[in-house]
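Biologist: Please take one part of this model and go through it closely. I would like to know how it sits in its surroundings.

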Protein chains: 2
Amino acid sequence: MKKQGTLVVVSGFAGTGKGTVMKELLSRYDSYALSISATTRNPRPGEVDGREYFFKTKEEFEEMIEKDEFVEFACYVGNYYGTPKKYVQEQLAEGKDVILEIEIQGALNIKSQFPDALLLFIAPPSADVLKQRLVGRGTETEEVIEQRLARAVEESKGIENYDYLVVNDELDECVENVHQMIQSAGWKMSRRAADVEDLRTQISAFAKGE
Amino acid sequence: MKKQGTLVVVSGFAGTGKGTVMKELLSRYDSYALSISATTRNPRPGEVDGREYFFKTKEEFEEMIEKDEFVEFACYVGNYYGTPKKYVQEQLAEGKDVILEIEIQGALNIKSQFPDALLLFIAPPSADVLKQRLVGRGTETEEVIEQRLARAVEESKGIENYDYLVVNDELDECVENVHQMIQSAGWKMSRRAADVEDLRTQISAFAKGE
């Protein structure tokens with residue numbers, strides 16, 4: 001029975017090391033592909049088209065929206081950001097597990113289109129740890145800290161909609177936990193209905209002496 | 001956040017190496033406990049009370065049924081077999097993942113009492129491999145083979161009710177897959193509602209300057 005690629009959505013509180021966990025996961029295992037977003041914002045120095053982002057003009061992006069070529073897209077501060085469907089589908093077809101780092105609204109959009117998608121929420125080991133990370137080294141202005149806390153409250157709203165809680169306490173353990181969750185997802189019975197049916201049909205045929 | 005023990009039910013076709021997989025899992029990791037059944041059948045030579053089984057008289061067993069002390073029980077060939085609730089609950093409370101090897105009807109009973117139980121079904125990589133195992137080395141009588149095939153047809157009936165399909169192709173990989181499935185189960189969001197609520201309450205308090 002063939003491994004099936006899983007679409008994985010990763011969200012989490014700012015400052016919980018999401019990016020580091022994903023980078024480490026991709027460097028340890030070659031079965032993962034990080035989805036590359038398309039954007040209309042200008043490339044920053046050092047950014048390469050097709051590596052950090054697919055850079056598009058506003059016209060190109062809107063044509064893609066028109067043609068339903070995005071899994072999800074959003075507009076921030078006057079620029080479009082979106083996940084191109086083609087790349088995701090190609091990678092899944094190759095049996096890769098495709099990882100998207102997006103926020104709650106995008107995550108729920110994905111789940112409605114891909115019911116087998118796995119939604120992971122990365123959290124700190126405790127609220128105190130999160131506070132320490134948000135407050136920082138005491139060099140931030142009160143305004144910045146307040147903004148960060150307000151954002152954390154916002155981010156905490158949809159946690160129940162995710163499939164698994166991932167606690168990032170110790171990096172190595174966290175990466176392995178994420179790997180385990182994603183690998184297991186490929187063997188959920190709901191995704192294996194065709195395999196089970198084949199097996200049953202063949203066993204019944206044997207028993208009938210066919 | 002504390003690890004929570006998971007109640008794991010393992011079923012599968014006869015001859016797919018369930019026992020070997022579980023034995024290997026228990027020898028590799030110390031977070032597992034294999035549930036010990038109670039039975040009214042007589043001990044066989046070498047069997048120790050509390051190791052292979054808890055040996056009970058018919059009266060003792062029926063008193064335990066009366067007192068609702070079994071997670072599930074059944075009667076085969078005139079003897080009772082059952083899973084004592086106390087042992088399972090004690091091990092789960094200690095954070096252990098408790099493994100029960102039982103068949104479909106027992107598995108469904110468990111699921112109705114413990115909705116967080118994880119149901120794993122172990123299958124061969126293909127129906128042909130299963131057939132080879134059932135047919136054996138050509139030394140079995142046709143009657144034995146027919147019985148085995150009929151049993152496999154019976155066993156294949158409830159597969160969809162399980163949570164995950166476990167393919168036992170290569171032992172080492174199979175053991176690791178089972179380990180991943182069980183470990184991930186402890187972090188399902190549905191089992192972490194209290195942790196999420198705590199986190200959210202505390203973050204909101206911080207944001208309000210409490």
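Modeller: What follows is a close look at one helix and the contact around it. This is a predicted model, where local features need pLDDT of at least 70, side-chain atom pairs count only at pLDDT 80 or more, and totals for chains, interfaces and linings use all residues. Residues are numbered from 1 along each chain as its sequence is written, while chains are lettered from A and ligands numbered from 1 in the order in which they are written.

The part is helix H6 (142–155) of chain A. Helices here are DSSP runs of H or I with at least four residues, strands are E runs of at least two, and both are numbered from the N terminus.

Now its faces. A:Arg148, A:Leu149, A:Ala152 and A:Glu155 are the buried residues of H6(A). They cover an arc of only 120 degrees around the axis, so they lie on the same side of H6(A). That arc is taken from the directions from the helix axis to the C-beta atoms. On the other side, A:Glu142, A:Glu143 and A:Ala150 are exposed. Buried means 20 or more other C-beta atoms within 10 Å of a residue's own, exposed 12 or fewer, and partly exposed in between, with C-beta atoms placed from the backbone.

The buried residues of H6(A) pack against H5 of chain A and helix H8 (193–207) of chain B. The contact between the chains takes 37 residues from chain A and 37 residues from chain B. Contact means C-beta atoms, placed from the backbone, within 7 Å. On the side of chain A, H8(A) gives the largest share, nine residues.

Technical notes
Contact = placed C-beta atoms within 7 Å.
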